[in-house]
Amino acid sequence: MTDFDYDLVIIGAGPAGLTAGLYAARARMDVLLLEKAVPGGQIIVTDWIENYPGFPEGISGFDLAEKMKKQAEEMGLKIETAEVTSLFLGTDVKEVVLADRTLKAKSLIIASGASPKKLGIGEDRYMGKGISFCATCDAPFFKDKTVVAIGGGDTAVQESIYLTKFAKKVYLVHRRDELRATKILQERAFANDKIEMVWDTVATGVDGLFGIEGVHVKNVKTGEEKTLPANGCFIWVGTLPNAQFIGDDIKTDEYGFIRADARMETSVPGVFAAGDIRDTPLRQVSTAVGDGAIAAVSAEHYIENL
Ligand code: NAP
């Protein structure tokens with residue numbers, strides 16, 4: 001007879017994990033939520049969320065994360081700060097390896113999210129010295145300065161608009177001549193006279209001794225190279241899954257996002273995935289929340305049927 005530490009362990013405290021935790025705690029499951037950093041996930045660095053239902057005026061990502069955490073904890077969810085290093089996924093026992101101990105659970109929900117993709121243009125050297133992935137964190141440092149933003153998706157466009165509250169000018173550099181971002185964000189960016197679009201262009205490097213003085217770019221159609229004078233460079237070119245610890249048993253897509261069925265169950269019975277870590281057509285707070293609820297109920301059914 002195995003001694004289980006928990007019925008359910010949830011990995012990651014973004015909107016998906018917090019919702020799964022809320023549902024599991026409310027179902028009176030013996031559940032632990034593990035988070036390696038600060039609960040909230042990527043939304044804590046999102047300035048303003050205006051497409052999460054129920055908040056017609058919008059809400060800051062930080063406040064929304066705090067509310068989700070409070071609600072889940074008041075329902076009885078235990079949250080612990082710990083990083084998962086690996087998993088051992090037996091038929092009955094799911095082992096979650098932490099730095100100081102290994103937890104045994106009947107079921108797992110992986111909701112470890114995704115992180116910003118890098119371009120290899122000096123991110124490591126200039127991180128905190130001009131290169132950033134987070135406008136909410138760093139935009140105030142660029143008051144009345146010129147910055148470059150890279151990307152053409154919702155994040156790049158929305159955050160570029162936010163940057164214009166501080167910067168005097170934002171070059172929005174995109175590799176094609178058409179944005180991927182949703183139309184309403186495009187309209188706002190095009191109407192903003194502080195944003196200058198730099199089409200068909202990729203960034204190749206940055207210049208500067210102590211901080212950034214310019215961003216090297218290349219036009220992919222003409223081959224023309226130049227340097228955009230700027231003190232900051234914000235990179236928003238998509239995300240990569242936080243899946244380093246999952247091992248080989250759980251099937252993923254070619255980019256490493258976890259495949260799961262409509263019940264959020266992965267290729268390993270009893271292991272569920274929710275939110276941005278999942279191979280999903282849409283990565284939003286609202287979809288993460290839905291995933292989390294389904295995963296928790298599926299885990300509950302799985303355990304009942306053991
Ligand atoms: P995304 O939609 O994957 O867009 C990434 C952008 O970066 C694309 O425009 C892509 O160009 C560009 N890109 C990718 N690799 C590149 C490279 N190596 N060099 C230059 N450019 C590169 O990522 P995201 O904008 O972070 O959005 C992620 C998810 O969050 C999406 O589902 C999005 O809808 C959601 N989101 C929603 C909101 C909102 O609703 N307000 C806000 C933020 C994020 P191509 O277009 O040429 O592929």
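**Entry 1: strands 9 and 15**

I began with Val148, whose bridge partner in strand 15 is Cys233. The model I am reading is predicted. I then looked up the two strands as a pair: strand 9 (residues 146–150) and strand 15 (residues 232–235) run in the parallel sense and are joined over 4 bridges.

I turned to an open sheet of 3 strands, where the pairing is antiparallel and the order is 12-13-14. Which strands stand at its edges? I noted strand 12 (201–207) and strand 14 (225–229); each has a single partner strand, so one side of each is left without a neighbour in the sheet. From one strand to the next, the twist averages 30 degrees.

Within this sheet I followed strand 13 (residues 214–219), which pairs with strand 14 in the antiparallel sense over 5 bridges. I recorded that Lys218 stands opposite Glu225 in strand 14.

**Entry 2: two domains**

I consulted the domain assignment, which gives domain 1 as 6–115 + 239–304 and domain 2 as 118–235. Taken over C-alpha atoms, the centres of domain 1 and domain 2 are separated by 31 Å. I noted that 5 residues from domain 1 and 8 residues from domain 2 take part in the contact.

**Entry 3: the interface between the domains**

The size of an interface is often given as the accessible area lost when the parts come together. Which residues of domain 1 lose the most area to domain 2? I found Val45, Asp47 and Glu50, which together make up 76% of what that side buries.

I then checked the polar side of this interface. The rule finds 1 salt bridge across it, and 3 residue pairs are in polar contact between domain 1 and domain 2. I also recorded a salt bridge between the side chains of Arg188 and Glu50, at 2.8 Å from N to O.

Note on methods:
Residues are numbered from 1 along each chain as its sequence is written. This is a predicted model: local features need pLDDT of at least 70, side-chain atom pairs count only at pLDDT 80 or more; totals for chains, interfaces and linings use all residues. Side-chain values use heavy atoms; hydrogens and water are left out. Two strands pair if DSSP finds at least two bridges between them. Axes are lines fitted to C-alpha atoms, for helices over the stretch in contact, and angles run from 0 to 180 degrees between N-to-C directions. Domain bounds come from an automatic or database domain assignment. Contact means heavy atoms within 4.5 Å. Buried area is the accessible area (1.4 Å probe) that two parts lose on being put together, summed over both. A salt bridge is a side-chain nitrogen of Lys or Arg within 4 Å of a carboxyl oxygen of Asp or Glu. A polar contact is a pair of N or O atoms within 3.5 Å; within protein, one must be able to donate a hydrogen and the other to accept it, and residues adjacent in sequence count only if both atoms are side-chain atoms.
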